[in-house]
Amino acid sequence: MHLGWDAIGVPQLAGYHLYRSTTAGVLGTDLTPGGLATTSYDDNAVSNGTTYYYRLKWQASDGLLSGPSNEVSATPAVPVNPVVKTSAIPGGQQGIAYVTGLEAESGVPPYTWSISAGALPAGVALDPATGLLSGTPTTIGTAGFTVKVTDSTAKQGTKAFSLPVTTAQSWPQPGRNGTGSAYAPAEKR
């Protein structure tokens, strides 16, 4: 947990002492017995979900300590893994450009995307920075793959997808009925 405070502008300042307790109103343990020359401290010996109470004292050049500051409290949150939010992806057609995006939630952005199992259809790629699936599928069939999203704290989430690639649809040409025969002209009356 990162802690920071404003500098105290006294000429005889030699450093700061930071105290931590798990009980409100109790000074607690001096985390910096040698003193700190900076105005920040990373307390890495904390447990998620536990409330900690902090107080600060400044030390003069003659070794005397000030009275304690007002108390502040903090409760580290349990980091949450990112989740692939996209529930399903559309199918594609052979030889036709394909584009769809994947979305994530939770965790700490930015996210990095990758394929952790299986493979995308030939001709389709995943952009690791945006989660965009794009390209032109070259083969017919269903590709099964697992997408992995990694957040900025290296926490990960995965989700399995299938992407069916079918034959491109051909549509009747103008002036033709659906059977390929020319339309008969309407009779005049």
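Here are some friendly notes on the predicted model above.

1. **Ground rules.** This is a predicted model, where local features need pLDDT of at least 70 and side-chain atom pairs count only at pLDDT 80 or more, while totals for chains, interfaces and linings use all residues. Residues are numbered from 1 along each chain as its sequence is written, and side-chain values use heavy atoms, with hydrogens and water left out.

2. A nonpolar core is a set of buried Ala, Val, Leu, Ile, Met, Phe, Trp, Tyr and Cys residues joined through side-chain atoms within 4.5 Å; buried means under 20% relative accessible area, exposed over 50%, and partly exposed in between (1.4 Å probe, protein chains only). Strands (E, at least two residues) are DSSP runs, numbered from the N terminus.

3. **Look at Leu102.** Which residues does Leu102 touch, leaving aside its neighbours within four places in sequence? Its contacts (heavy atoms within 4.5 Å) include Ile89, Trp113, Leu126, Leu133, Val147 and Phe161.

4. **Strand pairing.** Two strands pair if DSSP finds at least two bridges between them. E14 and E15 run antiparallel, joined by 10 bridges; Thr146, for instance, has Ala160 in E15 as its bridge partner. These two strands form a hairpin with 5 residues between them, and Ala154 in the turn has a positive phi of about 75 degrees. E15 also runs parallel to strand E8 (residues 92–93), with 2 bridges, and there Gly92 is partnered by Val165.

5. **One salt bridge.** The count comes to 1 salt bridge, meaning a side-chain nitrogen of Lys or Arg within 4 Å of a carboxyl oxygen of Asp or Glu. Asp43 and Arg20 form it (2.8 Å, N to O). Asp43 sits in the loop between strands E4 (40–42) and E5 (52–60), and Arg20 in strand E2 (residues 13–21), 23 residues apart. Are these residues buried or exposed? Both Asp43 and Arg20 are buried.

Conventions:
Helices (H or I, at least four residues) and strands (E, at least two) are DSSP runs, numbered from the N terminus.
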